[in-house]
Structure formats: structure tokens, C-alpha cells
Amino acid sequence: MDIVFSRLGDNEARFVLEGVSDGFANSFRRAMMSEVPTLAIEDVRIYDNTSVLFDEILASRLGLIPIRTDLSTYRLPSRCECGGAGCPRCYTVYTLSVEGPCMVYSGDLVPRDPAASPVHDRIPILRLFENQKLVLEARAVLGKGKEHSKWQPTIACGYKHYPVITIDDRCDGCGMCVDECPRGRLANGKGKARVIPERLELCLLCRLCEKACKRGGIGSEPAIRVDEERSRYIFNVEGDGSLPVREIIKEALLHLKESTRSLLESLDEIAGGTSDEESE
Amino acid sequence: MIPVRCFTCGKIISLAWEEYRERVEGGEDAGTVLTDLGLHRYCCRRMLLTHKELVKDLNPYQ
Amino acid sequence: MDIKVLELTGNKARLVFVGEGHTFMNMLAEEVLKDPAVDVATYAMEFQFSDPELLITTTGKKDPLSVLRDACQRLIGYCDALLESAKRAQAQQ
């Protein structure tokens, strides 16, 4: 049970997850995408919009802007003490007031909480022409990716099994698999193809090399074989900037742990009710 | 207007739009500009590649 | 977590997990299945957004609830181990 990072930045991470089952790896991926909350603009009050875009399109565009999120300051409205009525701990407000002609950027949004500013300042929201005006107030709340993708902290987030490439003695070094590999993970050496170790993780498991090998007339079984290692996964996680990737990983694991713990509690209650179970 | 995010993966692609348009109009190859701007997946590349800016044409009909 | 018990005997349990989805159920069902005392462990969701129903039958050596509880303990162990290992790996970076 281990995580080994081969790359870890603020907005992207690549790591090898070892010693877990398929189901757990997939739940982990799903939790990262849809159970980690982020801030996104949810309600927009439009006072004046004489631009070419309809209010709805404008609101949708505002919602998609990633916002820096500090999970210790904000709470999900459903879990807030105010019961979702709206308080400074579950939402933050932005104002925008621009007159044309100009391009309106995400940096023009004035946040009430400077820590919850948009991640990028140069996202074009809309173009204003002569005599056009845009005045609005937007409210951002925490939400989860399973409700709307604007609350998804990850962009590309996926995993694949760790590749195991074996080349047996029948390899005659014809080099056809080397030419075929789209990721250039093979090389020719000493009359036999070999795997370049630092490029092994790039393998797509596409098995084009196996097909190329068979085309070389080696028989029905290729000399090169691509297999997947069970319970070892290469994860690739990209964040949209609202949360650092290390936080996404941590929060996802905490979510899984928390739901399991709450199931245990419910089980204790059921056991207490039927009283044929010893409680822990 | 250029969509804020890539429809498929969600990457913020609108950031790259203005530079992309300027450089392509300046005669550069669209493919190299996209790679330069950090758009490596083909879902993100098609967002810019196939975009047509219409707000200016729509403006007179407000 | 809100659980409805549809059926509970010495070697069979049918439970509805209100508000859960594939994210949790898939992991749980697979973990329950690892127990040698378990015969069947599977979940079904009638529609995309309906509450999943978990079915566990055991060979009779253990009752389904304690099987479920053991699986939960193991899952918590996995999460803790990974949290710890992620923390360590990030500290080294």
C-alpha cells in the first residue's frame, strides 16, 4: 500500500499507486473528481446586461471560471451551521461593473474575499462594444463535481495498470516493434529489442508492438508481450488550479475514509437494535 | 465567444485564445502554436482550431 | 450514513445505502468479497440516481454484518496507509 510520486506540481501529479484493488483505485479516482468540493459561481444577479450574450450564457461562463478555494474557510451549504440559508462561511460575493468598448476578463471580477479570487485573470468572459454595459453581482458557493462539472477540482484524472513488457528469446531484433511504438519506449540493442526503462511508464498498453512482431512472421505468438501488472496503477491527475493537487488527493482519501467510518457507525446502531451483535 | 473550458476534459482553454488568434493570423502554423500554448490533448486543440468568433457579427442585430 | 435494512438473517443481508453511489459501493462490495466467509457480495442500482442495494450472503461461518464491519475496518486501514504514504512522499519533494 504505497503512493510514489514521479511528478508533483501544484496543478498536476503523476504517481504510482501500489497494493490496492481495482475497486479501490477506481473509487479513489471517482472521489478525486466528484467528491472534493471547490468554489464556483452559482448565483448571478444581473443588474445591467446590454451585451451580445444572453444572461444565461453569461452566467454559465462565469460558473466555469475556477476560483482559488481554501477548504478551511468555506463549508458546503448543506453542512453549514446556517443550514444553507447563506452566511459568510458558505458563500462569497463578486461584483463586476464594466462599460464598453472592451473585453471583460475574469480579473475584472472584484472578490469580497481576496483569498477566493479567480485562478486566472485573463479568461475572456465577453466582449463589450460601444455603449454596452455589464453590471452584476455573483455569488460563489462550495459544491461537488457530481452535481456540476464546474465544481470538479480535476481536469484530466485517470489511471492505467502498470505495464509489464517481456521480450523472449525468439526476438530477432528486426526492429519493427521499435518503429511501431507510438510512445518510443522500445530500442534496439544487441540483436534484440529492449525496453527503455525511463520510458516504460509512457506505455499506452496499445499492443501495437505485439501486432508488429507477428507481422514479422514470427508465428502466431509474438516474441514481445505487453501485460498489465495487477494492483499497481499509474495515476495522472491534473487540477484546474482551484485546489493544489496534493490537497485533492488528501481530501479524496479523507472522504473515502469518512464515508466508511460513518457506515461503521450505522452498523453499530443496527447491531444495537437487533442486539445479537457485540458492539465495538 | 470562445468557450471557457474544453468541453471534454475541462481544461481552461480560453486563456490561450487571444494569443493563438494573433499568432495564427500572423502566419504561424496552428499546430505549433497550440503545442506552444500547452494544449497537448486533441480535445483541447480542437476547441481553438474549430472556433469561429461571432460576437462582432452579431453586434449590429442587438 | 443512512442505511435501510431490507432483510437480515444469519447468512444473508440486503441493505439499501441512501444517498451513496458507485464511488463508495464498488469499493465496498469488492472489499467484502475478499472475505473467505462471503459467498455473494454485489450491489445494484435500479436507475442512475436511485439508492444502491447491497446483497451479502455468507457461507454461514460469519454473519453478514460482521463481514461488512471487517471490510470497513480494512478500508479505513487502506485510507490511513495511503494518507500517511502520500504525506511522506510530499514531504520528500
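Analyst: Nine of the twelve residues of α1(C) are buried, so this helix is largely enclosed by the rest of the structure; buried means that 20 or more other C-beta atoms, placed from the backbone, lie within 10 Å of a residue's own, exposed means 12 or fewer, and partly exposed lies in between. The buried ones are T23(C), F24(C), M25(C), M27(C), L28(C), A29(C), E30(C), E31(C) and V32(C). This is a predicted model, in which local features need pLDDT of at least 70 and side-chain atom pairs count only at pLDDT 80 or more, while totals for chains, interfaces and linings use all residues. Residues are numbered from 1 along each chain as its sequence is written, with chains lettered from A and ligands numbered from 1 in the order in which they are written.

Helix α1 of chain C covers residues 22-33 and reaches 16 Å from its first C-alpha to its last, close to the 16 Å expected; the expected span is 1.5 Å times one less than the number of residues. Helices (H or I, at least four residues) and strands (E, at least two) are DSSP runs, numbered from the N terminus.

For another view, turn to chain A. D48(A) lies in strand β3, residues 38-49, and is exposed, with 12 other C-beta atoms within 10 Å. Leaving out residues up to four places away in sequence, D48(A) touches K133(A), L134(A) and V135(A), where contact means C-beta atoms, placed from the backbone, within 7 Å. D48(A) and L62(A) are 14 residues apart in sequence and 15 Å apart in space, C-alpha to C-alpha.

Definitions and conventions
Two residues are in contact if their C-beta atoms, placed from the backbone, lie within 7 Å.
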